[in-house]
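User: Please take a close look at the sheet in this model and then set it in its surroundings. I would like one connected account.

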Amino acid sequence: MKGLILKDLFVLKDVLRIYIFIFAFYSWMALAENQTGLLLAIVFVCSTVLPINALAYDERSRWDRVANTMPVSRREIVMAKYMLSLILSAISSVVAGIIMLAGKVMPAEETLANIFIMLALSALYQAVLMPIIYKFGSEKSRIIMMTAILVPWLGITAMSKLNFIDLSAAIDFMDANAAKMPVIIVAVVAAVYVLSVILSINIYKNKDL
Amino acid sequence: MEKAIEIKNLCKNYPSFRLDNVSFSLPKGYIMGLIGANGRGKSTSIGILLGLVKADSGTCLINGTPMAEKSKKEKEQIGVVLDECNFPETLNYVQINKFMKHIYSNWESEKFTAMCEKYHLPPKDKVMKYSKGMKMKLSIATAMCHGAKVLIMDEPTGGLDPVVRDEILDMLLDFVQDEENSVLISSHIISDLEKVCDYITFIRDGKVVFSDEKDVLTQYYGILHCTNSEFDRIDKSAVISARGNSFGTDALVWRDKVPEGYIVDKANIEDIMLYYIKEDRQ
């Protein structure tokens, strides 16, 4: 698995350089201008876009055909991609966290909460997207994913605006359980993530390469 | 004789094409050439053998076990060159050398670098800058650097100049000096296969036409040269494929079925394949 992750990091080397530059620029923005939004956004982008880029490069060169003749199992090939996502998430959020804490751009608790939400969102995004990519390929998945985000969002917004559903109940629930929310979020995201790994492995195991 | 590769009754259906009961086997210590027109089953058979594609039915064994059931140690003993170089385009060979160390437990790092240098691959250039021949050299170097005992190569000599092709063929001959080692190689360059192969398997429209020792094949088949009227008198069960004009007829024939008195030349593998394929196109 180490070899596979290392290979992805080499594949992404040039893109990673650009991200480091962007990261540095947004860190400066966060410290000098108190603009933390973009720094948080880059955590999300690092942990979602980069692993998907790696998958797209693999697809273009049909890497999986040769990888599957090597002494690695299909399970390991999928797991390596999830590990890569987790590693990138961890590094980018730790770095962003340290910069925000050190610069005291907002209260420490708020910084941690922001990073936590970003991590949870990006893990959720990875979890939903990965099996779709394994099933349909990265090109089609971009469209599927955009639809998958836009349609429910537009639907819920439209319905709440038209008073078909009442979002205040959900907000009330979150307020009432504010202390428990992190635990609930972690549990939900972890469950979805594990399901996603299992699903991706099963899709990939039955794939003709 | 112990088998390095054994394919039995392999079937796979695609909407436009099917592999139909493909069977052949390669004893350890030998080189087998896989020939046939484009898109007629060679790469699919290799894909199934390597476990990349699932068969509808049939069995494929490499050194006695199917690819899917092999342990990591056993998988290390299989060197593969596919019809295209499958390394992501943004890598260079120095990086490939670094991560392969962690994939193959017996990766021969120095040998890999030496081979890449010998093939004049630039260490800093990304795969995307490589020519087709350079990509092939990279794949071959990769396949040769982890102590493989079975080499499975799909069109490895495509895009290579004659000198390098010759070097690679010599390398294969050298490889099977060890009787435990075997090679399955598909190619369109029949002269390459004639040079090194002990066995030839011809796949045509998803079916095996023949799979036999090269020397035996050239004994079975012959090229008949005769006038059109002589040709008309021959029993047509002796004729596999013929092409004629007003001056006479040339035909691929079963040597033993042609009556004495006719001129029958030795057929080489290229003749055999060309006559079969032209028969299809007519």
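Analyst: A residue is taken as buried if 20 or more other C-beta atoms lie within 10 Å of its own, as exposed if 12 or fewer do, and as partly exposed in between. The model is predicted. By that cut-off, 33% of the 209 residues of chain A count as buried.

The sheet belongs to chain B. Its 6 strands run in the order β5-β6-β7-β3-β8-β9, forming an open sheet with mixed pairing. The edges are held by β5(B) and β9(B) (207-213), each of which has a single partner strand, so one side of each is left without a neighbour in the sheet. From one strand to the next the twist averages 10°. Strands of a sheet pair through backbone hydrogen bonds, in either the parallel or the antiparallel sense. For β6(B) (residues 150-154) and β7(B) (residues 182-186), the sense is parallel, and the pairing extends over 5 bridges. Within this pairing, D154(B) has S186(B) of β7(B) as its bridge partner. Helix α1(B) (residues 42-49) packs on the sheet, where it touches β3 (31-35), β6, β7 and β8 of chain B. The direction of α1(B) makes about 145° with that of β6(B).

Chain B is divided into domain 1, residues 3-205, and domain 2, residues 217-281. The C-alpha centres of these two domains of chain B are 34 Å apart. Where the domains touch, 8 residues of domain 1 of chain B are in contact with 7 residues of domain 2 of chain B. On the domain 1 side, α7(B) (190-196) and the sheet strand β8(B) (199-204) each supply at least two residues. By class, that side has 6 nonpolar and 2 charged residues, with no polar ones.

N63(B) is in the loop between β4(B) (57-62) and α2(B). Its phi is positive, about 45°, although N63(B) is not a glycine. Most residues other than glycine have a negative phi. N63(B) has 18 other C-beta atoms within 10 Å, which is why it counts as partly exposed. K135(B), in helix α5(B) (residues 132-144), is a charged residue by class. K135(B) has 20 C-beta neighbours inside 10 Å and therefore counts as buried. Leaving aside residues up to four places away in sequence, K135(B) touches C85(B), V127(B) and Y130(B). The C-alpha atoms of K135(B) and E89(B) are separated by 10 Å, although the two residues are 46 residues apart along the chain.

Of the contacts in chain A with a separation of 6 or more, 78% are between residues 24 or more positions apart. Helix α5(A) (residues 74-103) has 30 residues and reaches 44 Å from its first C-alpha to its last, close to the 44 Å expected at 1.5 Å a residue. After α5(A) comes K104(A), with a positive phi near 50°. R62(A), in the loop between α3(A) (37-61) and α4(A) (63-67), also has a positive phi, near 55°, and is a residue other than glycine. R62(A) counts as partly exposed because it has 18 C-beta neighbours inside 10 Å.

Conventions
Residues numbered from 1 in each chain as written. Chains lettered and ligands numbered in written order. Predicted model: local features only at pLDDT ≥ 70, side-chain atom pairs only at ≥ 80, totals over all residues. Contact = placed C-beta atoms within 7 Å. Domains from an automatic or database assignment. Helix = DSSP H or I, 4+ residues; strand = E, 2+ residues; numbered from the N terminus. Expected span 1.5 Å × (residues − 1). Pairing = 2+ DSSP bridges. Axes fitted to C-alpha atoms, helices over the stretch in contact; angles between N-to-C directions.
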